[in-house]
Every structure is written in C-alpha cells, then in structure tokens.
Amino acid sequence: MRSRISIMTLLIILVDLWGLANAGGIAGIEAGAGPNFGYLAYDDPLEIWDAGWALGFTGEIGLEIPISDRFAVVPTARFVSMSNKVEMDDPDINGEYDVNHRMISLPVLFRYDLKKNMLFVEAGPEFSFFMSSELNADYEELGIPRKETDDISDRVKSYNVGGCVRIGFKASGWNIPIAVMAAYHHGITGVAEEEKWLSDWKTREITLSVAYLFN
C-alpha cells in the first residue's frame with residue numbers, strides 16, 4: 001500500500017511540474033541521475049556496531065523558476081535508493097547488516113548563481129516519503145552462519161524531514177546542456193518506530209549526479 005501511494009504521489013508531482021513548465025515562467029527543466037552514498041546516524045548504537053557508508057542510486061527531475069537575475073527556486077522530485085553498512089564484531093556474533101530505504105524525496109531548493117549560467121549553490125528543506133524499507137543481515141552467531149532479509153516497512157515511519165545543500169556546475173556556457181552536481185542531504189527526524197528498535201536513526205546521504213538541461 002505504501003509503495004502504491006508513493007508512486008501515485010510521484011506521478012501527481014510530475015504532472016504538476018509539466019503543467020508549470022507549459023504555463024511559462026520556467027527557465028529550464030533538469031533531469032538527472034547518479035550514485036549516492038548512504039549512512040544512518042544511530043542515536044544509541046551498540047558498542048559492537050561499526051557504522052559506515054554504502055553505495056546506492058538516485059534519479060531526479062526538477063524545475064528552475066527564476067526569482068531575479070541570480071536567484072531561482074528549484075522544486076525537485078527524487079527517487080532514492082539508499083543503504084548503510086554496519087559491521088558487528090563480538091565474540092558471540094560477527095558479520096554485517098545493512099538497511100535499505102527506497103523513497104520519493106521532494107527538496108525545495110533556493111539557488112544562487114555564483115557565476116551566471118555556470119556555477120551555482122543551492123539549499124533548502126527536503127520532505128521524503130518511504131516506499132519500502134528492508135534489512136539484510138549476513139553474520140555468524142555462536143559459529144553458526146546466518147543470512148536474513150526482512151521487510152521492515154511497517155516498523156519505520158512513512159515520512160522523513162531534512163535539508164539539502166548542493167553545488168553544481170553548468171556547461172551551458174559552452175553550448176553543452178549538461179550540469180554536474182554534488183549534494184548533501186541531512187535527515188532531521190528519526191526514522192524508526194518507537195519501541196520497535198534498539199536505537200532510532202536519522203538518514204545521511206551524499207549524491208553525485210549528472211543532469212540534462214531542457215531549456
């Protein structure tokens with residue numbers, strides 16, 4: 001059910017973005033994709049946990065709506081598949097596990113052109129809706145190997161609130177409709193449902209993407 005609602009939400013957003021573009025007042029449409037690096041910041045990690053980053057994927061489409069000569073608003077819709085990695089080291093249990101979150105993320109970024117049509121920075125709030133969440137574990141407990149996959153969608157919240165900071169470079173000055181961007185996404189609200197986990201966690205994500213610019 002949650003996945004269907006998230007897909008419907010994304011479709012509605014894309015239709016709205018297309019309508020805005022046709023209505024005018026849009027400087028351009030950006031469609032991009034690239035890898036991300038995910039991390040979960042645990043509030044109360046166990047001593048045997050060694051939390052780290054893991055590779056994932058993100059794809060996005062956004063609009064550039066000018067406010068002035070150098071300022072613009074960039075509402076964006078992102079599909080995010082992000083994971084973390086936690087290694088466990090204990091005499092009784094050792095191995096690793098990861099949590100994978102798939103979500104629709106909606107950052108509303110305010111852009112400032114450091115150099116017009118070339119270098120820019122952005123920042124703003126970000127609202128995310130989880131499509132699914134999964135825990136994968138590969139470990140040994142008391143010498144017995146175990147490999148488990150668990151759907152944990154009903155044990156995490158359906159939304160996340162955070163912020164995003166991004167820097168980008170446009171090659172449009174050379175008549176190449178491409179932008180290269182790097183961003184940091186910082187989750188503010190806890191993701192875990194209370195009393196269902198040993199520790200709550202917050203999302204951290206670094207994205208690298210290449211976007212095609214439609215003018």
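Mentor: The account below begins with the chain as a whole, turns to the salt bridges, and then moves to the pockets and the core.

The model is a predicted one. Its protein chain contains 1 helix and 9 strands, and read from the N terminus the order is α-β-β-β-β-β-β-β-β-β. Of the 215 residues in the protein chain, 41% are buried. Where contacts join residues at least 6 apart in sequence, 65% of them join residues at least 24 apart. The pairs discussed next can be read against that background.

The whole structure holds 13 salt bridges. One of them pairs the side chains of Arg-166 and Glu-60, at 2.7 Å from N to O. Arg-166 belongs to strand β7 (residues 159–170) and Glu-60 to strand β2, so this pair ties together parts that lie 106 residues apart in sequence. Both partners, Arg-166 and Glu-60, are buried.

A salt bridge also joins the side chains of Asp-69 and Lys-116, at 3.4 Å from N to O. Asp-69 sits in the loop between β2 and β3 and Lys-116 in the loop between β4 and β5, so parts that are 47 residues apart in sequence are tied together here. Asp-69 is exposed, at a relative accessible area of 52%. That value is over the 50% from which a residue counts as exposed. Lys-116, with a relative accessible area of 41%, is partly exposed.

The side chains of Arg-78 and Glu-126 form a salt bridge as well, at 2.9 Å from N to O. Arg-78 is in strand β3 and Glu-126 in strand β5, so the pair ties together parts 48 residues apart in sequence. Arg-78 and Glu-126 are both buried.

Arg-166 and Glu-60 also take part in a network of salt bridges, which links them with Glu-30, Glu-64, Arg-111, Glu-122 and Lys-170.

Most residues other than glycine have a negative phi. Asn-117 has a positive phi of about 60° although it is not a glycine. Its relative accessible area of 40% makes Asn-117 partly exposed. Asn-175 likewise has a positive phi of about 60° without being a glycine. Asn-175 is found in the loop between β7 and β8 (178–187), and with a relative accessible area of 72% it is exposed.

The largest pocket has another make-up by class: its lining has 12 nonpolar, 1 polar and 2 charged residues. Its volume is about 360 Å³. Of the 15 residues that line the largest pocket, Trp-49, Met-88, Tyr-97, Leu-135 and Trp-197 are the closest to its centre. Strands β4, β5 and β6 (144–151) each provide at least two lining residues, and β5 gives the most, with 3 residues.

Leaving aside residues up to four places away in sequence, Tyr-97 touches Tyr-42, Trp-49, Asn-84, Lys-85, Val-86, Met-88, Leu-135, Asn-136 and Ala-137. Three of the residues in that list, Trp-49, Met-88 and Leu-135, are also among the closest to the centre of the largest pocket.

How values were computed:
Residues are numbered from 1 along each chain as its sequence is written. This is a predicted model: local features need pLDDT of at least 70, side-chain atom pairs count only at pLDDT 80 or more; totals for chains, interfaces and linings use all residues. Side-chain values use heavy atoms; hydrogens and water are left out. Contact means heavy atoms within 4.5 Å. On a 1 Å grid over the protein atoms alone, a cavity is a set of points where a 1.4 Å probe fits but cannot get out, and a pocket is an open set with protein on both sides within 12 Å along at least five of seven lines; lining residues have an atom within 4 Å of a point. Grid points are joined across faces, edges and corners, and a volume is the space filled by probe spheres set on the points. Helices (H or I, at least four residues) and strands (E, at least two) are DSSP runs, numbered from the N terminus. Ala, Val, Leu, Ile, Met, Phe, Trp, Tyr, Cys and Pro count as nonpolar, Asp, Glu, Lys and Arg as charged, and the others, Gly among them, as polar. A salt bridge is a side-chain nitrogen of Lys or Arg within 4 Å of a carboxyl oxygen of Asp or Glu. Buried means under 20% relative accessible area, exposed over 50%, partly exposed in between (1.4 Å probe, protein chains only).
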